[in-house]
Amino acid sequence: MMETTGRSGGRAGIPAVRLFGYAFLYLPVLLLAFFSFNESAAGNLPFTGFTFKWYAALFRDYLVLEAFKNSLLVAALTALLATIIGTAAAFPLVRSAIRFKEFLRIGFVLPIMIPGLLIGIALLVFFASMLNLGLSLWTVVVGHVVMTTPFVVLVVSARLVDFNRRLEWAAADLGANPWPPSGT
């Protein structure tokens, strides 16, 4: 008796596994959103009534609003600084003839390989003990920039490696100047 096992037999369970994975990830979020409309402060079953009072209380809490503003500020500054620093680091890593380019690339990408907790502790020690700086929103921004810049370096470097240099030459033929302009 010959046993036939095709490739399609192993793939039959993939939609079920995918559905289970999505349910595992998103069902707790949906339940949390559902219970946020419960009148009970405990957020448990039975559902005692539908209310928006928890959301009204949330938007009256100045600590929550201040934390939200701080989060937006940190996110905006981190995105801006990490993009500028990461792009400025990626261009020479890809386009120049630096002798130890691979070691520099590893140095820039190293924070990805180190656990975030260790980087956080090292930054805390660096700011508090070595620089005698008080912890503030700006030290939080610096920590986030340290953590996110390697991702920018990786993404921009990958795009620059595959970038068609003929597009730059065509732009120069059409009158585009290099930036920053040389000789000024």
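Mentor: We will take helices, salt bridges, the core, a loop and aromatic pairs in turn. This is a predicted model, in which local features need pLDDT of at least 70, side-chain atom pairs count only at pLDDT 80 or more, and totals for chains, interfaces and linings use all residues. Residues are numbered from 1 along each chain as its sequence is written, and side-chain values use heavy atoms, with hydrogens and water left out.

Trainee: Let me start with helix ends. Which residue caps the N-terminal end of helix α8?
Mentor: First the terms: helices (H or I, at least four residues) and strands (E, at least two) are DSSP runs, numbered from the N terminus. A polar contact is a pair of N or O atoms within 3.5 Å; within protein, one must be able to donate a hydrogen and the other to accept it, and residues adjacent in sequence count only if both atoms are side-chain atoms. Here the cap of α8 (residues 165–173) is N164, with a side-chain oxygen 3.0 Å from the backbone nitrogen of R166. After α8 comes G175, with a positive phi near 110°.

Trainee: And which residue has a positive phi although it is not a glycine?
Mentor: That is N132, with a phi of about 55°. N132 sits in the loop between α6 (116–130) and α7. With a relative accessible area of 63%, N132 is exposed; the classes are buried (under 20% relative accessible area), exposed (over 50%) and partly exposed (in between), using a 1.4 Å probe and protein chains only.

Trainee: Now charges. How many salt bridges does a search of the whole structure find?
Mentor: The general idea is that side chains of opposite charge can pair when their charged atoms come close. The cut-off for a salt bridge is a side-chain nitrogen of Lys or Arg within 4 Å of a carboxyl oxygen of Asp or Glu. The search finds two. One joins K69 to E66, with the closest N and O atoms 3.5 Å apart; the other joins E102 to R105 at 3.6 Å, N to O.

Trainee: How should I read their spacing along the chain?
Mentor: An α-helix has 3.6 residues a turn, so residues three or four places apart point the same way. K69 and E66 are three residues apart in helix α4, about one turn. E102 and R105 are likewise three residues apart, in helix α5 (residues 101–113), and so about one helical turn separates them. As for accessibility, E66 is partly exposed at 39%, E102 at 47% and R105 at 25%.

Trainee: Which residues make up the largest nonpolar core?
Mentor: In soluble globular proteins, nonpolar side chains tend to be buried together. A nonpolar core is a set of buried Ala, Val, Leu, Ile, Met, Phe, Trp, Tyr and Cys residues joined through side-chain atoms within 4.5 Å. The largest here has six residues: A82, A90, V94, V152, V156 and L160. Contact means heavy atoms within 4.5 Å; leaving out residues up to four places away in sequence, V152 touches A82, T83, G86, T87 and S157.

Trainee: Is N38 buried or exposed?
Mentor: N38 is buried, with a relative accessible area of 0%, and lies in the loop between α2 (14–35) and α3 (53–60). The N38 side chain makes a polar contact with the T48 side chain at 3.0 Å, and one of its polar atoms lies 3.3 Å from the backbone nitrogen of S40.

Trainee: Last topic: how many aromatic pairs are found?
Mentor: Rings of Phe, Tyr and Trp (its six-membered ring) pair if their centres lie within 6.5 Å; planes under 30 degrees apart count as stacked, over 60 as edge-to-face and the rest as tilted. The whole structure has nine aromatic pairs. F37 and F52 are edge-to-face, because their ring centres are 5.6 Å apart and their planes at 85°. F37 is partly exposed at 23%, whereas F52 is exposed at 52%. F100 and F103 form a tilted pair, 6.2 Å centre to centre with 50° between the planes. Finally, F37, F50, F52 and Y55 form one aromatic cluster.
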